[in-house]
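Work through the exercises below with the sequence and the model side by side. Try each task before you read its solution.

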Amino acid sequence: MKITKEQLFKRQITLSEIGEEGQQKLQNAKVLIVGCGGLGSPVAVYLASSGVGELHLVDFDMVDVTNLHRQVFYSLDDISKPKAEVLANFIKQRAPFTKVSYTNSPINKENVLKLISDYDIIVDGTDSLPTKYLLNDACVLTNKPLVYGSLYKFDGYLSVFNITLKGGTRSANLRDAFPTMATDIPNCEEAGTLNSIVGMIATQQVNEVLKLITKVGKPLANELLIYNSLQNSQLKMKLSPRTSKDEIQKLFETENYFATSCEVHNPDWLISSEELKSELLNENIEVISVLENLKLPFSNYKTIHFSDLPNSNFHPQKNKKYIMVCVKGITSYEATAMLKKQFPEAQIYSLENGISSYLSL
């Protein structure tokens, strides 16, 4: 059955504020969505269903059974499959006028500027605080608008950062609201969340993207909306653009944007420096550095950069033990957690506290 744009978007085009002209603006728009979880997956589906012409999805994670209560565009059959790929295929089945592509690897300091360069609007659908600051800083440096969403238990947070205002100035960004990255805020996996608040914030992010593209309505700029689902209450925190691009450039040069060490680690996925030293004579052990240019005091090891792991053709052998290593044990643990989702039976471990701890023995 051949479907026309006029048929598919009839209810939307009927709005006088949108019309044919607004629908064409949507068709011409290119949006990057980082994170395909509770926020990013509905954002992607709604934007495609609205007629946004091009979407690119970024996520390195696999669908897990614990995702399904709030990430409603995945099914039981999708468990252990890459989120970005599954979501892209879902969108292709229902949005014939949207070009959708995906990156099945993490966004990081090395690739963020290239990833965002071709897109008009960036959407933050992540639950990682370091990634939120990375996206914010990269958008400031490249003059890209960022539609921000965040969750904590029954609260949702929403804003539109770094858009061009009258006179050519830019609106406030994340560092104007929270200048430094907190180290004690758990993500939704650790703190828990209700699926309804996730959907509410996601659709509000969609609303802000549509307003930015069509130039209809007033974007949520220089304000941070905080919504509590238990009380149905909301407040808007006023923001002022205070952090200069030069300041953010300096921060971008020095920050590593890795997850903080306060993350709760699974002890079964860790190996201590003492244990590693005693096992190095074992021929069935393989040490892998997840950072480039990290020199290790071992005669044999290989390097697979963290961002390359999902596409590295890494296939663990049953009789082999793999030790992931970085400087402080943070990125290596993230790599271990990512690989354990894909290969739950494999013997994959993170060097506890990193090579710096090993060298101090």
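**Exercise 1. Find which backbone nitrogens the side chain of D59 reaches at 2.7 Å.**

Solution. 
- This is a predicted model, so read each distance as a computed value.
- Start with D61: the side chain of D59 reaches the backbone nitrogen of D61 at 2.7 Å.
- Go on to C36. Its backbone nitrogen lies 2.7 Å from a polar atom of the D59 side chain.

**Exercise 2. Place D59 in the chain and list what it touches.**

Solution. 
- Locate the residue. D59 sits in the loop between β2 (54-58) and α5 (83-94).
- Set aside residues up to four places away in sequence; D59 then touches G35, C36, G37, K83, A84, T103, N104 and S105.
- K83 is on that list of contacts. Keep K83 in mind for the next task.

**Exercise 3. Decide whether D59 has a salt bridge or none.**

Solution. 
- Find the nearest side chain of opposite charge. For D59 this is K83, 5.1 Å away.
- Apply the cut-off. A salt bridge needs a side-chain nitrogen of Lys or Arg within 4 Å of a carboxyl oxygen of Asp or Glu.
- Conclude: D59 is buried yet has no salt bridge.

**Exercise 4. Trace the network of salt bridges that contains D61.**

Solution. 
- Side chains of opposite charge can pair when their charged atoms come close.
- Take K83. Its side chain meets that of D61 in a salt bridge, 3.6 Å from N to O.
- Compare positions. K83 lies in helix α5 and D61 in the loop between β2 and α5, so this pair ties together parts that are 22 residues apart in sequence.
- Check burial. K83 is buried at 4% relative accessible area. D61 is also buried, at 18%.
- Take K341. The closest N and O atoms in its salt bridge with D61 are 3.1 Å apart.
- Compare positions again. K341 belongs to helix α13 (residues 331-342), while D61 is in the loop between β2 and α5, so the pair ties together parts that are 280 residues apart in sequence.
- K341 counts as partly exposed, at 35% relative accessibility.

**Exercise 5. Describe the salt bridge between E286 and K302.**

Solution. 
- Read the distance. The closest N and O atoms of E286 and K302 are 3.3 Å apart.
- Find the elements. E286 is in strand β10 (residues 285-289) and K302 in strand β11 (residues 302-303), so the pair ties together parts that are 16 residues apart in sequence.
- Check each end. E286 is buried at 15% relative accessibility. K302 is partly exposed, with 38%.
- For the chain, the count of salt bridges comes to nine.

**Exercise 6. Say which side chain of opposite charge is nearest to K340, and what K340 touches.**

Solution. 
- Locate K340: it lies in helix α13.
- Look for a partner. The nearest side chain of opposite charge, E345, is 7.1 Å away.
- K340 is therefore a buried residue with no salt bridge, as the limit is 4 Å.
- List the contacts. Beyond its neighbours within four places in sequence, K340 is in contact with W269, A346 and I348.

**Exercise 7. State where K215 and N313 lie, and whether they are buried or exposed.**

Solution. 
- K215 has a phi near 65 degrees, a positive value in a residue other than glycine.
- K215 is in the loop between α10 (195-214) and β7 (223-228). It is exposed, with a relative accessible area of 66%.
- N313 is not a glycine either, and its phi is positive at about 60 degrees.
- N313 is in the loop between β11 and β12 (321-325). It counts as exposed, at 66% relative accessibility.

Notes:
Residues are numbered from 1 along each chain as its sequence is written. This is a predicted model: local features need pLDDT of at least 70, side-chain atom pairs count only at pLDDT 80 or more; totals for chains, interfaces and linings use all residues. Side-chain values use heavy atoms; hydrogens and water are left out. Helices (H or I, at least four residues) and strands (E, at least two) are DSSP runs, numbered from the N terminus. Buried means under 20% relative accessible area, exposed over 50%, partly exposed in between (1.4 Å probe, protein chains only). Lys and Arg count as positive and Asp and Glu as negative; His and the chain ends are not counted. A polar contact is a pair of N or O atoms within 3.5 Å; within protein, one must be able to donate a hydrogen and the other to accept it, and residues adjacent in sequence count only if both atoms are side-chain atoms. Contact means heavy atoms within 4.5 Å.
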